[in-house]
Amino acid sequence: MSQSVDIPAEPTPFPLAAETTALVVIDMQRDFLLPGGFGESLGNDVGQLLKVVPPLAALIAAARAAGVTVLHTREGHRPDLSDCPPAKLSRGAPAKRIGDPGRYGRILVRGEYGHDIVDELAPAPGEVVIDKPGKGAFYATELQDILAAAGITRLLVTGVTTEVCVHTTTREANDRGYDCLVVSDCVGSYFPEFHRIGLEMIKAQGGIFGWVADSAAVITALQALTTTAA
Ligand code: TIU
């Protein structure tokens with residue numbers, strides 16, 4: 001039987017076992033985090049997202065040490081934009097649209113520098129990277145098949161942005177039967193109020209979408225797993 005350690009979380013403790021858990025790192029892409037990318041083109045203060053990087057780097061390192069699967073996602077589209085719905089392309093009045101040339105290449109286009117993950121959180125060799133056209137990581141991707149093949153039923157959810165891709169992915173996962181813990185300081189939003197309320201919404205009503213804990217609590221549990229497995 002696999003070793004399990006409880007993470008003190010809200011609304012209840014969250015049992016953590018390396019074999020059945022994946023750390024999902026959502027869309028920590030240059031286009032969302034760096035000045036001149038898609039996030040800024042939407043009128044957002046990208047500085048709000050950069051503070052997620054140091055705690056998330058520490059969490060990823062702890063997960064790898066404990067043998068927890070680490071998965072990354074990237075939001076983006078084919079170069080011909082055939083997988084980008086017209087409604088997504090035309091929504092709002094951004095300074096630049098998806099597919100336009102930006103400071104880091106064509107915005108949110110696969111293969112471009114800006115579409116890729118920031119250097120500090122680069123996937124390790126062998127870690128799965130899911131390319132997704134939507135906000136949720138399950139829609140039009142192979143994520144569910146990959147998790148099922150690996151026997152993973154519990155997700156530690158991190159990345160950006162709290163109320164958009166993190167929430168959509170957590171809701172998609174919850175409806176598919178996964179237990180999700182959202183790591184509060186490893187998710188971020190351009191809007192601090194949406195971030196705060198977004199976390200409240202996850203754990204409300206007895207954990208309607210899942211659990212919430214900070215990275216210190218999760219890392220302590222990961223380290224306990226690492227120690228007992230050694
Ligand atoms: N705009 C915004 O808050 N988010 C996105 O467009 N994508 C993700 O959240 N990844």
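So, the largest pocket: its volume comes out at about 470 Å³. By pocket I mean an open set of points on a 1 Å grid over the protein atoms alone, where a 1.4 Å probe fits, with protein on both sides within 12 Å along at least five of seven lines. The volume is the space filled by probe spheres set on those points, which are joined across faces, edges and corners.

Quick caveat: this is a predicted model, so local features need pLDDT of at least 70 and side-chain atom pairs count only at pLDDT 80 or more, while totals for chains, interfaces and linings use all residues. Numbering runs from 1 along each chain as its sequence is written, and side-chain values use heavy atoms, with hydrogens and water left out.

Back to the pocket. There are 24 lining residues, and Phe38, Leu42, Glu75, Lys135 and Val164 lie nearest the centre; lining means having an atom within 4 Å of a point. Helices H2 (38-41), H5 (86-90) and H7 (162-175) each supply at least two of the lining residues. Helices here are DSSP runs of H or I, at least four residues, and strands are runs of E, at least two, numbered from the N terminus.

Now the rings. We have 5 aromatic pairs, meaning Phe, Tyr or Trp rings (the six-membered one for Trp) with centres within 6.5 Å; planes under 30 degrees apart are stacked, over 60 edge-to-face, and the rest tilted. One of them is tyrosine 104 with tyrosine 113, tilted, at 6.2 Å and 45°. Tyrosine 104 is buried at 15% relative accessible area, but tyrosine 113 is partly exposed at 45%. The cut-offs are under 20% for buried, over 50% for exposed and partly exposed in between, with a 1.4 Å probe and protein chains only.

Phenylalanine 138 and tyrosine 178 are also tilted, with centres 5.6 Å apart and planes at 40°. That pair links distant parts of the chain, 40 residues apart. Phenylalanine 138 is buried at 6%, and so is tyrosine 178 at 7%.

Tyrosine 113 comes back, too: the charged end of arginine 30 sits over its ring, 3.7 Å from the centre. For Lys NZ or Arg CZ, that takes within 6 Å of the ring centre and within 35 degrees of the ring normal.

Last, the backbone. Which residues does a cis peptide bond with omega of about 5° join? Glutamate 10 and proline 11. Another cis bond joins valine 160 and threonine 161, omega about -10°. Aspartate 27 has a positive phi of about 55°, and is buried at 0%.
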